[in-house]
Amino acid sequence: MKSFAKILTVTLCTLLLFSCASAPKNEGKEKADDGSMTEAELSYIKDTAARHLLQNDVEKDNEILRKVSIPAKLGAEGYDVLEKFMLASLGTGVGIAAPQVGINRRVIMVQRFDKEEKPFEFYYNIEIKKTYGEKVVGWEGCLSIPAGFGQVERWQDIDIEYDTEVDGKIVRKSENIKGFTAVIFQHETDHLNGILFIDIKTADPLMTREEYREMRMKEKAEKEAKEQNNE
């Protein structure tokens, strides 16, 4: 009996220790899954001296760019600052993702060329749900890849789903996106999964920014000359 009592006591103590040790982990997991920013993320995004536009040729930056981002909570503390910094970091770009400014959350900003005023809009927890037709090859660059431009195959017709706020509640919304805007959505969504366009580009080498600019200027001049000849 004494031996049995001793075993029972040890077993109960072990279970109690396991329960106590496990509780903080579960609490931490719930906090992370909520989509709210951690204290570390809030500290970083509010530190104007620390935050920056990440580049893939910097080892520490590339590690962040290569991570799969976790869900974001629309309207939670810090996301208003994140949005403002993403917009300020955009420059002449047409889209940007939160990992590019050091926050691995599923938030992107896209210029909607398919709308009359071509506005910049933010999308939370976006997913590409369906694709249609065939892929088309086109040139792409990236704010986080200074090496240059490359050609990538992208769908021209996609269905997306994302979080939005309606009457004070967060709901999922679906949209069909076509053309160049669909390409931007795909590029930025790739960032949330740790994918850069250089991972999926064609076998052709990258074109430097200077070479790309010269190519576009030449194309523009040829187009204008053709239009004048047709008048």
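I take helices (H or I, at least four residues) and strands (E, at least two) as DSSP runs, numbered from the N terminus.

**Entry 1: basis.** I am working with a predicted model, in which local features need pLDDT of at least 70 and side-chain atom pairs count only at pLDDT 80 or more, while totals for chains, interfaces and linings use all residues. Residues are numbered from 1 along each chain as its sequence is written, and side-chain values use heavy atoms, with hydrogens and water left out.

**Entry 2: the chain.** I found seven helices and seven strands in the protein chain. From the N terminus on, their order is α-α-α-α-β-β-β-β-β-β-β-α-α-α. I count a residue as buried under 20% relative accessible area, as exposed over 50%, and as partly exposed in between (1.4 Å probe, protein chains only). Of the 231 residues, 35% are buried. Taking contact to mean heavy atoms within 4.5 Å, I note that residues 24 or more positions apart account for 65% of the contacts with a separation of 6 or more.

**Entry 3: the largest pocket.** A pocket here is an open set of points on a 1 Å grid over the protein atoms alone, where a 1.4 Å probe fits, with protein on both sides within 12 Å along at least five of seven lines; lining residues have an atom within 4 Å of a point. Grid points are joined across faces, edges and corners, and a volume is the space filled by probe spheres set on the points. The largest pocket holds about 530 Å³ of space. Its lining has 20 residues, of which Gly 93, Val 94, Gly 141, Cys 142 and Phe 149 are the closest to the centre. At least two lining residues come from each of β4 (136-140), α5 (179-192) and α7 (209-230). Which element gives the most to the lining? I find that α5 does, with six residues. By class, the lining has nine nonpolar, seven polar and four charged residues; Ala, Val, Leu, Ile, Met, Phe, Trp, Tyr, Cys and Pro count as nonpolar, Asp, Glu, Lys and Arg as charged, and the others, Gly among them, as polar.

**Entry 4: strand β6.** I looked up β6 (residues 157-166) and found seven of its 10 residues buried. Two strands pair if DSSP finds at least two bridges between them. Strand β3 (residues 120-131) runs antiparallel to β6 and is joined to it by five bridges, with Thr 131 opposite Ile 158. Strand β7 (residues 169-178) also pairs with β6 in the antiparallel sense, over 10 bridges, and here Asp 163 stands opposite Arg 172. The hairpin of β6 and β7 has two residues between the strands, and Asp 167 takes a positive phi near 55 degrees. Within β6 lies Thr 164, which is partly exposed at 23% relative accessible area. Beyond its neighbours within four places in sequence, Thr 164 is in contact with residues including Leu 74 and Lys 173.

**Entry 5: Arg 154.** Is Arg 154 buried or exposed? With a relative accessible area of 5%, Arg 154 is buried. This residue lies in strand β5 (residues 150-154). A polar contact (a pair of N or O atoms within 3.5 Å, one able to donate a hydrogen and the other to accept it; residues adjacent in sequence count only if both atoms are side-chain atoms) of 2.8 Å joins its side chain to that of Asp 190.

**Entry 6: Leu 90.** I placed Leu 90 in the loop between α4 (79-89) and β1 (95-97). Leu 90 is buried, at 3% relative accessible area. Its C-alpha atom is 7.7 Å from that of Leu 143, 53 residues apart along the chain.
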